[in-house]
Structures are given as structure tokens and as C-alpha cells.
Amino acid sequence: MSAHTGIGEPSRATASAVSEPVPSSPEPGALDPGGAVGEQVVRRLREEISTGELLPGAKLAEVDTARRLGVSRNTLREAFRLLSRQTLVVHVPNRGVFVAKPTLANMLDLYRARLILEPAIMRAASPAHPAGAKMRAAVARARQAAAHGDWRRVGTENAAFHAAVVQLAGSPSLDAFHDDLMVRLRLVFDMVGDPRRLHESYVDSNDRITAAYEAGDLDGAAERLTDYLERSRALVIDVYTQQQADAERPA
């Protein structure tokens, strides 16, 4: 299944869609009518992917999605084009638009980037940076979610923890880059499934990373962070390859 950036190109039969009005009765949860609507659509769909509301392989039916968000189909098609360039959705000819399914190569690439980025930021961080408090808060929220068995929420708070780690660099460019990585990584987690197995042990890992950071042991925190990322990568790859083997095994 390969991406196609020409999603929903209007044909002669649909040329009138260019001036298509916004639906008059959007469903609950529609976008704020103010501001750049196309950008809002992209942000909303990215958020739904990053929180696991939209899962890998889910079909984004054009009519239903436009109605749900309260936008024109023409605006939605443009959002699909942008999301396709971000490798978050794919267009399958004659079938429609679907949330992307990461490949093993995608997974390895995401972890390669994180292993370069996050430990380096930790080593250069200031122990007094405000993002340290965000790390601690994310750990606390993850523990609360784990106590209630909400493992998808644990995964969301884990992403918030690592976003706070990157914020230690004080670079909006790195924040944006890491956000893109984490949205795509959420697709990986949702595709391999079993959120408890994927996230449970890392609540304690994040606690230890934070404790080392708070104590001013930046090298120790970076080493714990590297260990975390390597173990997470190994687990994700193990689960993914086992799923592929099971799918290929004759019934």
C-alpha cells in the first residue's frame, strides 16, 4: 500500500466542489469556524491519530468526516493531501483514504531518530528548566492512568513525558520535529496493539529518568533514557514480527 499525494483530485464531474459550502449542520465536535479551517482540520486529525482515536488502517470516509468536522469536502481533501505528505494517511485508488500502517523500516527509522535526539538533549539540559516539572507531572498522570487500567492513556502520557524531555532543549524547531515523530510512533503502538505490554514497565523507567535529572545527574538520566529507547525498540519489533509471522501462518 503506497502513499499517493494526489488525494481526491477533482474530476470534471466534481469540479463544482471547489465552491462547495461548509455543511450547515455540523455534528458535535466540529471545528471552530474562525481561523484557517484547513489547518484546523489537519491539527484535529493529527490529534485524533496521536491519541489513538483513529487507528492504523481506519478508513476516513470523505462525506462522514467532512460532516463530523463541519467542513467542505474540498477543504477535507486538501487536509488529506497534507497528511499524506506527512505519511499519516494513504490514498488507495478506488477505495479511499486510510490512516497509514507503519512498516518495520518506518519503526526502525523513528527509533533511530529518537536515539540520536533525546539522550543528547538530556546531556545538555539545565536541571532548573521548567520542562523538568512537566516530566514529573507526566509520570504522575501515567501512574494514575495505570492504576485505573487505562493503558492507552498511559501511552499518551508517555508521549507527553518524551515531549517534555525534548522541550529541555528550548528549541521550537526540535519540538515540532519530535511531535511529528511521536504522532507516527503512536501509529506504531496502535498497530502492534497490547498497550499494557508496550507501556507498563516504562512508567517506572520514566520515574527513574526524571529522578536522575532532578538530582542533576544528566549523564545518568541520558543513559537511562538510551536504555529505555533501546528496550522499547526491541519490544515493538518483537511484537510486530510475531504478528507478521502469525498472519502468514496457514490457518
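Asn-94 lies in the loop between S1 and S2, where helices (H or I, at least four residues) and strands (E, at least two) are DSSP runs numbered from the N terminus. The model is a predicted one, in which local features need pLDDT of at least 70 and side-chain atom pairs count only at pLDDT 80 or more, while totals for chains, interfaces and linings use all residues. Residues are numbered from 1 along each chain as its sequence is written, and side-chain values use heavy atoms, with hydrogens and water left out.

**Hairpin and loops**

Strand S1 (residues 89–92) and strand S2 (residues 96–99) run antiparallel and are joined by 4 bridges; two strands are taken to pair if DSSP finds at least two bridges between them. Within this pairing, His-91 stands opposite Val-97 in S2. The hairpin has 3 residues between the strands, and Asn-94 takes a positive phi near 70 degrees there. Asn-94 is exposed, with a relative accessible area of 86%, on a scale where buried means under 20% relative accessible area, exposed over 50% and partly exposed in between (1.4 Å probe, protein chains only). Most residues other than glycine have a negative phi. Thr-87, although not a glycine, also has a positive phi, of about 60 degrees; Thr-87 is placed in the loop between helix H3 (73–85) and S1, and at 43% relative accessibility it counts as partly exposed.

**Overall fold and helix H5**

The protein chain contains 9 helices and 2 strands, in the order α-α-α-β-β-α-α-α-α-α-α along the sequence. Of its 251 residues, 42% are buried. Helix H5 (131–147) has 17 residues and reaches 25 Å from its first C-alpha to its last, close to the 24 Å expected at 1.5 Å a residue, the expected span being 1.5 Å times one less than the number of residues. In H5, the buried residues are Ala-131, Gly-132, Met-135, Ala-138, Val-139, Ala-142 and Ala-145. They lie on the same side of H5 because they cover an arc of only 145 degrees around the axis, the arc being that of the directions from the helix axis to the C-beta atoms. On the other side of H5, Ala-133, Gln-144 and Ala-147 are exposed.

**Pocket and cavities**

On a 1 Å grid over the protein atoms alone, a cavity is a set of points where a 1.4 Å probe fits but cannot get out, a pocket is an open set with protein on both sides within 12 Å along at least five of seven lines, and lining residues have an atom within 4 Å of a point. Grid points are joined across faces, edges and corners, and a volume is the space filled by probe spheres set on the points.

The search of the whole structure finds 3 cavities of 30 Å³ or more.

| Space | Volume |
|---|---|
| Largest pocket | about 420 Å³ |
| Largest cavity | about 60 Å³ |
| Second largest cavity | about 40 Å³ |

Of the 17 residues lining the largest pocket, Ser-50, Ala-159, Ala-163, Asp-179 and Met-182 are the closest to its centre. Helix H1 (37–50), helix H6 (151–167) and helix H7 (172–192) each supply at least two residues of this lining.

The lining of the largest cavity includes Trp-151, Arg-186, Phe-189 and His-199. The lining of the second largest cavity includes Ala-138, Val-139 and Ala-142, together with His-199 and Tyr-202.
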